[in-house]
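Open the model in your viewer and keep the selection panel at hand. Each stop below says what to select and what is there.

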Amino acid sequence: MNPLGTYLPGHSLLHRASPGVKLLGLAAGILVITLCVRTLPALGIAAAAVVAVYALAGIGPATAWRQFRPTLWILLFVFVFQLVFTDWRRAVLLCGILALSVLLAAVVSLTTRTTDMLDSLTRAMSPLSKLGVRTDLIAISLALTIRTIPLIVEIAGQVDEARRARGLRPGARILVAPIVIAALRTADGFAESLSARGLD
């Protein structure tokens with residue numbers, strides 16, 4: 001199983017593209033989807049474009065589904081909220097935009113090594129070091145953020161498995177609270193490790 005945010009080796013055109021180009025493409029793609037998708041047909045066209053990107057990367061539907069599945073609870077909450085306060089079309093459009101943005105971010109993570117991505121970002125931020133900005137600390141923060149994504153997904157899976165083993169129904173108290181507590185414990189572990197290495 002390939003968790004969310006984990007590099008998937010390959011030799012596709014997207015794998016061979018430079019991390020900087022892919023990050024710029026990701027930003028441009030999300031911006032276009034956010035600004036231009038205003039109707040259901042436009043959402044369909046955007047979805048077809050994202051499917052084409054996955055095909056270009058050589059990533060199959062099963063892997064794409066594993067990237068998308070952890071966001072289902074969030075999308076369901078957003079959909080119900082929009083359905084109550086707006087209408088079903090707005091709910092579908094907003095959830096569709098969010099889902100496509102997540103899938104685009106996932107395909108970049110799947111086709112780019114974390115180290116290559118961080119090296120590209122560090123080079124892009126190098127002019128800031130002349131102004132006294134600690135770009136190395138920014139790079140570490142980005143690395144921890146990227147590393148946390150699969151960890152949180154793994155924690156959520158473990159909590160859900162424990163819930164099923166106990167025969168409990170899903171709910172905020174059953175799922176959200178244990179995930180938040182485990183995430184905070186993980187953050188404390190990261191902080192202690194950084195402090196032990198002399199990083200404030």
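At 43% relative accessibility, does phenylalanine 81 count as buried, partly exposed or exposed? Phenylalanine 81 counts as partly exposed; buried means under 20% relative accessible area, exposed over 50%, and partly exposed in between, with a 1.4 Å probe and protein chains only.

Before going on, note that this is a predicted model, with local features needing pLDDT of at least 70, side-chain atom pairs counting only at pLDDT 80 or more, and totals for chains, interfaces and linings using all residues. Residues are numbered from 1 along each chain as its sequence is written, and side-chain values use heavy atoms, with hydrogens and water left out.

**Stop 1**

Helices here are DSSP runs (H or I, at least four residues), numbered from the N terminus. Phenylalanine 85 is exposed, at 60% relative accessibility. Rings of Phe, Tyr and Trp (its six-membered ring) pair if their centres lie within 6.5 Å; planes under 30 degrees apart count as stacked, over 60 as edge-to-face and the rest as tilted.

**Stop 2: the pair in H4**

By this rule there are three aromatic pairs. One of them joins tryptophan 65 and phenylalanine 68, tilted, at 6.0 Å centre to centre and 45° between the planes. Both residues sit in helix H4 (residues 61-68), three residues apart. Tryptophan 65 is partly exposed at 42%, whereas phenylalanine 68 is buried at 16%.

**Stop 3: the second largest pocket**

Select Leu14, Ala17, Val21, Lys22, Gly25, Leu26, Gly29, Val53, Leu104, Val107 and Val108, which line the second largest pocket. On a 1 Å grid over the protein atoms alone, a pocket is an open set of points where a 1.4 Å probe fits, with protein on both sides within 12 Å along at least five of seven lines; lining residues have an atom within 4 Å of a point. Its space is about 170 Å³, the volume filled by probe spheres set on the points. Color the lining by helix: H2 (19-36) and H6 (88-111) each supply at least two residues. H2 gives the largest share, five residues.

**Stop 4: an annotated span**

Finish with residues 92-111, one of the spans that an unreviewed UniProt entry lists as "transmembrane region"; such annotations may be inferred rather than shown by experiment. The span is 100% helix, with its end C-alpha atoms 28 Å apart.
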